Amino acid sequence: MDATATAATDKKREAAGRIASLFWIATGVYYFATTPVAPFLSWQAAMFFLGGMFAAAFIFGAASHYLFAAHRDFYFNHARGKPALAVLAGFASLLLNLFEIGAPIVTARWAFMGLFGLT
């Protein structure tokens, strides 16, 4: 892989991590603003936002980046010109987008509820 391709891949990986972090932060702001027993100024909030933001970028950003790369390779190498596989690839693309949005949100809710002992 040449330097240009490596730089483009790094930018895409960073963008995927940024998206996961933004969804994590937005979900956290919503939960902290709408839950009266969860103050913004607490050690739980610091752990949620600081630790969770980096963990979401690392885990979900990397996962979505590599899943989209695998999907792109599948489409270009196997599904092009085959209508049934193209439809399957399109459906898989929708599912990957749902994963990219939903996984940080669902995990943020789980982490928030766990930090404050809410059910």
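Which residues line the largest pocket?

1. The lining of the largest pocket consists of Lys12, Ala15, Ala16, Ile19, Ser64, His65, Phe68, Ala69, Arg72 and Glu100. A pocket here is an open set of points on a 1 Å grid where a 1.4 Å probe fits, with protein on both sides within 12 Å along at least five of seven lines, and lining residues have an atom within 4 Å of a point. This is a predicted model, in which local features need pLDDT of at least 70 and side-chain atom pairs count only at pLDDT 80 or more, while totals for chains, interfaces and linings use all residues. Residues are numbered from 1 along each chain as its sequence is written, and side-chain values use heavy atoms, with hydrogens and water left out.

2. Two or more lining residues come from each of α1 (3–34) and α2 (43–79), and α2 contributes the most, with five residues. Helices are DSSP runs (H or I) of at least four residues, and strands are runs (E) of at least two.

3. The protein has three helices and zero strands, in the order α-α-α from the N terminus. Its radius of gyration, taken over C-alpha atoms, is 18 Å, well over the 14 Å that the globule rule (2.2 Å times the number of residues to the power 0.38) gives for 119 residues, so the protein is more spread out than a compact globule.

4. Along the principal axes, the C-alpha atoms fill a box of roughly 55 × 35 × 15 Å. Of the 119 residues, 30% count as buried, meaning under 20% relative accessible area with a 1.4 Å probe, protein chains only.

Terms used
Buried < 20%, exposed > 50% of the residue type's maximum accessible area, 1.4 Å probe, protein only.
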